[in-house]
Every structure is written in C-alpha cells, then in structure tokens.
Amino acid sequence: MKDTGTYLAAMRATAPLVHNITNYVAMNIAANVALAAGASPAMVHAREEVVEFAGLAQALCVNIGTLDPAWAEAMEMAAQVMAANGRPWVLDPVGVGATRFRQDVCARLMSLRPTVIRGNASEILALAGLGCAGRGADSADPVATAEASACDLALRTGAVVAVSGPVDYVTDGTQGFRVANGEALMPRVTALGCSLNSVIAAFLVNQTALPATVAALAYYGLAGERAAQGATGPGSFQVAFLDALYTLSPQDVTAGARVNRA
Amino acid sequence: MKDTGTYLAAMRATAPLVHNITNYVAMNIAANVALAAGASPAMVHAREEVVEFAGLAQALCVNIGTLDPAWAEAMEMAAQVMAANGRPWVLDPVGVGATRFRQDVCARLMSLRPTVIRGNASEILALAGLGCAGRGADSADPVATAEASACDLALRTGAVVAVSGPVDYVTDGTQGFRVANGEALMPRVTALGCSLNSVIAAFLVNQTALPATVAALAYYGLAGERAAQGATGPGSFQVAFLDALYTLSPQDVTAGARVNRA
Amino acid sequence: MKDTGTYLAAMRATAPLVHNITNYVAMNIAANVALAAGASPAMVHAREEVVEFAGLAQALCVNIGTLDPAWAEAMEMAAQVMAANGRPWVLDPVGVGATRFRQDVCARLMSLRPTVIRGNASEILALAGLGCAGRGADSADPVATAEASACDLALRTGAVVAVSGPVDYVTDGTQGFRVANGEALMPRVTALGCSLNSVIAAFLVNQTALPATVAALAYYGLAGERAAQGATGPGSFQVAFLDALYTLSPQDVTAGARVNRA
C-alpha cells in the first residue's frame with residue numbers, strides 16, 4: 001500500500017467532481033467537508049437530470065438518510081451510470097435496520113455494485129442480513145461484532161466494506177485493515193459519517209478501492225484528532241474539523257495515520 | 001416542581017430517540033442541537049416508513065417550516081402513532097398566520113393532541129384564532145399579548161402551550177410559568193426555535209409535560225446566555241451555543257434557571 | 001451613485017421579508033446570512049401556498065441548485081407574483097450549463113423578468129447561449145470572459161447581471177462596475193454564492209437595481225475580507241463571516257468598498 005498521504009495529494013491535484021445524492025441533514029456539511037478536503041461536490045437528484053449529471057461526475061456518493069421513493073429512484077439511476085462508466089460510487093445505508101423500506105432500497109442499490117459500502121456496525125450487520133439492534137443513525141453494536149459480516153458482504157457484493165467506529169474496520173473480503181484515527185466528539189456532530197462518504201468517493205477516483213478507502217478514513221480521523229485540540233464542545237469541534245481537513249497536508253496524513261492489517 | 005436540572009439529567013441518562021419531521025432550514029442545526037444536549041435525533045418523513053419509524057421513537061417533533069402536502073401527511077401519520085402509543089409529541093406552527101394552507105394543516109395536527117405546542121406570540125395568536133400580524137418566522141407581537149390565547153389554546157387542545165420570546169410563557173391552561181433565560185442574539189441564528197422543539201421532545205419522555213417543558217426552556221435559554229459571553233456575532237454565538245448545550249451540567253441548570261410562576 | 005453603506009443602512013432600517021426558493025444545501029446558511037445582515041428571510045415552496053406567501057414578501061430570491069420540477073413550478077409562480085407586484089427578484093442559475101433541464105427552467109424564469117441575475121462566469125456564459133465549460137457549481141471560466149455576455153444578457157432580459165469571481169462584474173447593459181472586495185476562502189465554503197442572493201434581494205427593496213447590487217457585493221466581499229483575518233480554514237472563516245456581516249456598519253462599507261466603473 002502506498003503512503004496514505006499520497007491519496008490525499010492525488011485527490012487534491014484533480015479536485016474530482018463528486019455527485020452526491022444524500023440526506024437533507026447532511027447536504028450542507030457534506031458539501032463543506034468535501035470542499036475543505038479539496039474535492040468539488042455537487043448535489044443533484046431530479047430524475048429529469050440525474051443521469052445527465054452523473055455522466056459528468058468522477059464519483060458518486062449515495063446516502064439513504066432522509067429517503068423517499070423519488071430519491072431512491074434517483075440513486076438507482078445515478079448508480080447505474082457509474083456502474084456503466086466504470087466509475088466509483090459509495091453507498092451509506094443509514095438506519096437500514098430501522099424499516100422495511102430502507103432494506104428494500106438497499107437491496108436494489110447493492111445489486112448495482114457499489115465500490116464501497118460504509119456504515120456503522122449495526123448498519124453493516126443489518127445489510128448482511130444478520131439482524132440489527134440499531135435505531136436511527138446511531139450504532140448499538142461495537143465494530144468487532146460486524147467484522148465477519150463485513151467480510152461476507154464484501155465477498156457477496158464485490159464492494160469494499162468499511163465499518164465505522166472508534167476503530168474502523170475495512171475489508172474487501174480477503175484483506176482487512178483497522179484504522180484507529182478518530183475522536184470521541186465526532187458522533188456528537190450530525191452527519192459527519194455521511195460527509196465522510198464524499199471524501200471516500202473523491203479518494204476513489206483512479207485508485208484501488210481498498211487502500212484509497214483506508215487512506216480516506218485515516219485522513220478523516222486524523223482531522224478529528226487535530227480538531228479536538230482546543231475544542232470545548234461539538235460546536236467548536238465542527239469548526240476546527242473543517243479547518244483541519246483543509247490544513248492537513250499529505251505528509252501530516254502519512255505521519256499521523258494509525259493503520260494496521262487486521 | 002422538581003429541580004430544573006433533574007430533567008436534563010434524566011434525559012441524558014436515556015438519550016431518547018427523537019423522531020423529527022421538520023423543515024429543510026432546521027434539519028442540520030436541530031440534529032446538532034439534540035446531539036449536543038444528549039438526545040438521539042433522527043429525521044424520517046416518507047410515507048413508506050414514517051409509521052414504522054415513529055413506532056421506534058420515544059418522542060416526536062413536528063415543525064411546519066417548509067411545508068408541502070406530502071410532508072403534512074407524514075406529520076399526521078407520525079402524530080397518530082405517538083397519540084396511539086401515549087408518547088409525547090411537539091408541534092411548532094411556524095408562520096401559521098401567513099397562509100391558509102398552514103392554518104389547515106395545523107388544524108388537523110391540533111386534533112391529534114400534541115403534548116406541547118410551542119411558537120412565538122404571533123403564531124400562538126394565529127393558532128388561537130385571534131388574528132395575527134406575523135410574517136414568516138419572526139414574531140410581530142410581544143409575548144404578553146398571547147398569554148390569554150395560550151391559556152385558551154391549552155384548555156381547548158389539552159396541550160401545554162409555550163410562547164417563546166425574551167421571557168417565555170408556558171401554560172397548561174391552569175398553571176403558568178415565565179422563563180426569563182435567553183439571549184438577544186438567539187433570533188439572529190436561524191432555526192434555533194425549531195431546534196428547541198427537539199430538546200423539549202426529549203425532555204418530555206417519561207415526565208410531566210408542564211415542568212419538563214419549563215425545564216427545557218430554562219436549559220436552552222441558559223445555554224444562550226453562556227454562549228453570548230465572548231461571542232462577537234451570530235456565527236460565533238451559534239458555535240458557542242452548541243458547546244454550551246453540551247457542557248452545561250444539571251447543577252448549572254438548576255442554579256441558573258430563572259423560572260417564576262405567572 | 002450613493003455611498004455603498006447607504007444601502008446597508010436602508011435595508012437594516014426595514015428588515016425586509018425576503019422569500020427564498022433555494023436549494024437544500026443553501027437553506028440554512030442563506031437564512032443565517034440574511035439574518036446576520038439584518039433582513040428577515042423565509043423559505044416557502046409548496047404550490048399550495050407559494051403565491052399567497054410571495055404576496056407578503058418585499059423581495060424574492062430564486063436558486064436552481066437542487067432543482068426538481070415541483071420546485072421549478074414554485075419558482076415560476078412566485079416570480080410571477082413579484083413581476084405583477086413590481087417587486088424585485090433575483091435569479092441564481094446554479095450549474096445551468098450542466099443539464100438540459102436546468103437550461104429549460106432558466107429560460108422560463110428569464111422570461112419572468114428577474115431584477116438581477118447573478119452567477120459565476122460559466123453560468124452567465126451558459127445563460128447567454130455561448131456554451132459553457134462549467135461543471136457543478138464551480139466556475140471553469142474567468143470573469144473577464146463573461147463580460148460581453150453579461151451585457152448582452154442584461155440588454156436582452158432587462159436584468160442587472162452580476163458575474164461573481166475574484167473581481168465581480170455588474171452591468172445593466174449600459175453601465176458596468178467592478179467590485180474588487182472578496183476573499184479567496186469564500187469558494188471553499190458551500191453556498192456562500194447562493195446566500196449572497198438573499199442579501200442582494202434585501203438590498204434591492206425600494207432601490208435602483210444597479211447600485212444596490214453593487215453595494216450588496218461590496219458589503220459581502222468586505223465581510224469576507226474581515227472574516228479572513230484570523231481564520232485558519234473554511235470552518236473558522238464561515239463563523240467569522242457571519243459575525244462580520246452582523247458587525248460591519250454602513251460607514252465600514254462605504255470606507256472599505258472597492259468599486260470602480262468598468
């Protein structure tokens with residue numbers, strides 16, 4: 001695997017256009033996160049233009065947070081374009097364990113070969129069909145309980161699967177990595193998980209999915225660590241987090257990444 | 001009435017799942033406010049899942065800010081679940097005086113027995129059928145002009161009615177309280193009123209509605225007071241406000257609450 | 001032209017109600033920007049109430065960022081009200097070059113006589129029918145390449161046309177101005193362009209469109225300059241920007257405006 005910082009440098013050099021179909025809560029912060037990191041985000045969802053726009057994008061980020069049927073249809077239409085064009089796309093199955101509707105939509109989206117599936121342990125367990133104690137967007141399960149399911153899901157779908165938590169687990173079903181970067185305040189800011197997907201999507205452009213995903217998680221977690229210095233709560237943390245995404249250099253990421261083979 | 005801080009401690013101990021059907025402006029800040037306070041917010045609105053999701057939630061928060069008919073239907077469906085399950089829900093009649101559509105939707109929602117109705121004076125006057133000078137989300141009427149209407153509305157609907165302003169007024173139609181906590185910069189940050197509803201909803205879980213609402217207002221206003229120390233405008237105020245919601249202890253709330261019987 | 005600060009003072013004196021039909025990314029920050037500046041923003045889009053609400057508003061701000069057909073219809077309905085009432089409205093043709101759908105919607109909106117059209121160079125070139133290298137919300141063209149197109153567009157539509165960039169260009173087709181205020185970090189915060197439209201709309205109330213637009217751009221750019229002092233990235237910049245919009249006085253604006261005839 002190349003130095004983790006390499007992926008950040010490569011992404012910033014091209015500022016890839018990342019098409020986002022995400023939830024209403026995440027719209028603004030996801031765009032700000034992507035801009036701070038150095039990508040070029042855009043949010044487009046209408047069936048009248050989603051296919052045309054997806055054709056312009058280097059990567060796609062799909063998040064089912066505030067789902068409804070029209071948005072689900074747009075997600076499928078855009079994912080089909082990415083799959084047909086051989087371009088990467090990321091699926092975030094927010095709260096998939098909570099309702100049958102989410103499970104049906106995720107089943108259809110998984111058939112469109114996402115490059116990366118990222119969720120918390122409860123969401124990955126639910127996707128893998130092993131039942132789920134999750135409720136809303138917060139995980140009720142520790143990361144370790146989802147590692148076997150993540151491998152199964154990766155092998156079944158062909159996706160890299162990332163399980164977010166205090167220590168993230170990332171696998172393509174064959175190899176696994178643990179990423180220890182991160183900060184306890186991150187779950188106290190809404191939609192930082194959703195926003196991470198935009199960064200992963202940007203990192204995937206013209207890269208191998210597994211190491212690019214690992215690098216994105218390390219960079220993101222490291223920005224959280226830096227932001228926590230001096231933050232006095234989730235408000236000041238969020239501000240410092242955007243600054244850290246912007247100011248961290250590739251060298252900082254290589255030096256600060258805490259990545260191990262699982 | 002128990003110490004106001006008791007309600008904050010009880011809420012944080014269970015981190016209740018609060019189902020929000022709110023407006024696009026408030027989505028992100030309402031989730032961040034609820035997370036900072038210690039609740040677990042989720043935003044779900046599609047008719048395909050709103051009933052199922054409402055069944056998982058401990059409380060519901062409904063806000064008509066950027067209304068349309070599909071969202072109004074989702075609000076009614078979710079409110080029916082809460083009423084059927086004996087769980088609390090909060091109605092925020094944003095800008096109800098502005099259009100006939102809002103008045104019709106609020107009339108239907110009020111028939112579903114909200115636990116708390118919270119608005120500014122113009123909105124409470126409009127709801128009570130006394131005419132309204134309000135425009136948009138800003139009140140054109142002082143709190144005192146709405147006290148009699150708040151009592152009438154409380155008696156007619158069975159809800160606790162809270163009138164927000166420099167000094168809030170809260171009543172169940174029989175008893176009334178005034179809450180003097182708050183800060184002049186709060187109306188300069190959008191959707192802080194909408195976000196308050198999530199906090200009220202979280203405080204209501206397993207508590208008596210009137211004192212829980214009073215406690216939520218005192219806590220929220222106190223966070224505003226603390227945030228104003230050192231803030232140089234609405235940007236820094238919003239950041240410090242989230243930090244204050246997070247760092248205020250139950251003891252701080254009990255000590256700082258400025259609550260009086262009306 | 002009157003002192004630029006005069007327009008800020010006049011706007012704050014009346015706090016005009018600005019009706020916004022904007023994109024999901026911009027909803028919150030646009031409202032916060034308008035409140036910090038001293039206007040009274042509201043977001044309303046349902047066809048059931050958009051005409052009634054537009055009738056209450058002093059100005060309208062339309063942005064096609066996360067467009068769909070129902071929202072496009074609401075935009076047309078509201079713009080018709082403003083045109084019929086002789087009240088100002090602003091059109092932001094976000095990403096108009098990207099899809100045919102956006103071009104069709106903008107063509108219809110332009111026929112409703114916007115008071116001001118504001119976009120980046122790529123968007124103004126696309127609107128003027130000269131082709132466009134733009135993608136998403138970011139401009140691929142420098143401001144100077146769009147000046148002739150801006151004049152043509154102004155003459156053809158009767159609108160004041162503003163081209164945003166490091167130095168903005170504003171014209172009514174006869175006279176032109178350049179506004180040099182601004183800051184390099186501004187494009188790193190999402191939706192600051194969209195949010196500017198709300199400020200322009202508020203400045204237009206009861207003023208001549210060309211100088212009022214120039215004054216709004218100078219004020220906005222000056223707030224960016226002030227915010228950059230001490231900012232360490234886009235997170236702290238956004239916070240300081242809202243504070244600067246709030247704290248800048250009319251005298252500050254007059255003293256700091258860098259406006260020249262083109």
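Author: Copies are superposed by least squares on the C-alpha atoms of residues with pLDDT of at least 70 in both. The model shown is predicted.

Reader: What rotation and what shift superpose chain A on chain C?

Author: Chain A is laid on chain C by a rotation of 120° with 0.0 Å of shift along the axis, and the RMSD is 0.0 Å. The two copies are thus related as by a three-fold rotation axis. The C-alpha of A:Y24 is the one in chain A nearest this axis, at 3.8 Å.

Reader: Why are chains C and B said to meet through different surfaces?

Author: Only 7% of the interface residues of chain C are also interface residues in chain B, so the surfaces are described as different.

Reader: Why are α2(C) and α8(C) called oblique to each other?

Author: Helix α2 (residues 27-37) and helix α8 (residues 192-204), both of chain C, pack at an angle of about 40° with their axes 8 Å apart. Angles under 35 degrees count as roughly parallel and 65 to 115 as roughly perpendicular; α2(C) and α8(C) are therefore oblique. Their crossing is right-handed.

Reader: Which residues meet there?

Author: Among them, C:I29, C:A30 and C:V33 in α2(C) meet residues of α8(C) including C:L192 and C:V199.

Note on methods: Residues are numbered from 1 along each chain as its sequence is written. Chains are lettered from A and ligands numbered from 1 in the order in which they are written. This is a predicted model: local features need pLDDT of at least 70, side-chain atom pairs count only at pLDDT 80 or more; totals for chains, interfaces and linings use all residues. Side-chain values use heavy atoms; hydrogens and water are left out. Axes are lines fitted to C-alpha atoms, for helices over the stretch in contact, and angles run from 0 to 180 degrees between N-to-C directions. Helices (H or I, at least four residues) and strands (E, at least two) are DSSP runs, numbered from the N terminus. Angles under 35 degrees count as roughly parallel, over 145 as roughly antiparallel, 65 to 115 as roughly perpendicular and the rest as oblique. A crossing is left-handed if the near helix is turned anticlockwise from the far one by less than a right angle, and right-handed if clockwise. Contact means heavy atoms within 4.5 Å.
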